[in-house]
Amino acid sequence: MHLNPDLEFIEKAAMLHDIGIFLTQAQAIGCTGEKPYICHGYLGKKLLDEHGLPPEYGLVCERHTGAGITKENILLNNIPLPQRDMVPISLEEKIICAADKYHSKNPKYSDKNITTIQIIDELGKISKDHAKRFSMWAEEFNL
Ligand SMILES: [Fe+2]
């Protein structure tokens with residue numbers, strides 16, 4: 001691949017990116033934690049940082065929800081997240097975030113193929129920013 005991402009890092013970080021999910025409330029997928037589901041990214045970062053992993057692993061967690069979430073978006077929509085930018089920056093963060101959108105954790109939908117257009121439509125319902133960022137990655141990665 002001409003972009004030359006660190007595939008070994010991607011494999012490990014992708015396995016860990018949702019690790020914070022058990023701390024959130026998402027009954028449909030068996031999570032009975034206390035925090036809102038949207039928090040699983042930054043909670044995963046906190047967990048991995050506390051366990052002494054190199055910071056780039058936690059950043060993958062924190063920056064993968066939606067198509068990344070800006071500080072502006074957090075403030076404007078009163079999203080219960082720490083007020084900082086949580087948008088993928090590195091190539092590997094972008095690849096993991098983008099790839100994640102093609103998969104549903106809900107076993108009801110896990111065998112369904114999700115198309116790039118469907119992802120852009122769904123992200124557009126959350127915010128135009130999300131849809132725009134994902135569209136840029138779709139172009140960059142030929143999705
Ligand atoms: Fe996630």
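Mentor: Helices here are DSSP runs of H or I with at least four residues, strands are runs of E with at least two, and both are numbered from the N terminus. This is a predicted model, so local features need pLDDT of at least 70, side-chain atom pairs count only at pLDDT 80 or more, and totals for chains, interfaces and linings use all residues. Residues are numbered from 1 along each chain as its sequence is written.

Trainee: Okay, in what order do the elements of the protein chain run from the N terminus on?

Mentor: They go α-β-β-α-α-α-α-α-α, which makes seven helices and two strands.

Trainee: How do I read the radius of gyration of the protein chain?

Mentor: Take it over C-alpha atoms and hold it against the globule rule, 2.2 Å times the number of residues to the power 0.38. For 143 residues a compact globule would come out near 15 Å, and the protein chain, at 15 Å, agrees. Its C-alpha trace spans about 40 × 35 × 30 Å along the principal axes.

Trainee: And what share of the residues count as buried?

Mentor: Count other C-beta atoms, placed from the backbone, within 10 Å of a residue's own: 20 or more is buried, 12 or fewer exposed, in between partly exposed. Here 30% of the 143 residues are buried.

Trainee: What about phi?

Mentor: Most residues other than glycine have a negative phi. Asn-78 has a positive one, about 55 degrees, and is found in the loop between α4 (71-76) and α5 (91-100).

Trainee: Is Asn-78 buried or exposed?

Mentor: Exposed, because Asn-78 has 7 C-beta neighbours inside 10 Å. Asn-142 also has a positive phi, near 60 degrees; Asn-142 is in the segment after α7 (128-140) and is exposed, with 6 other C-beta atoms within 10 Å.
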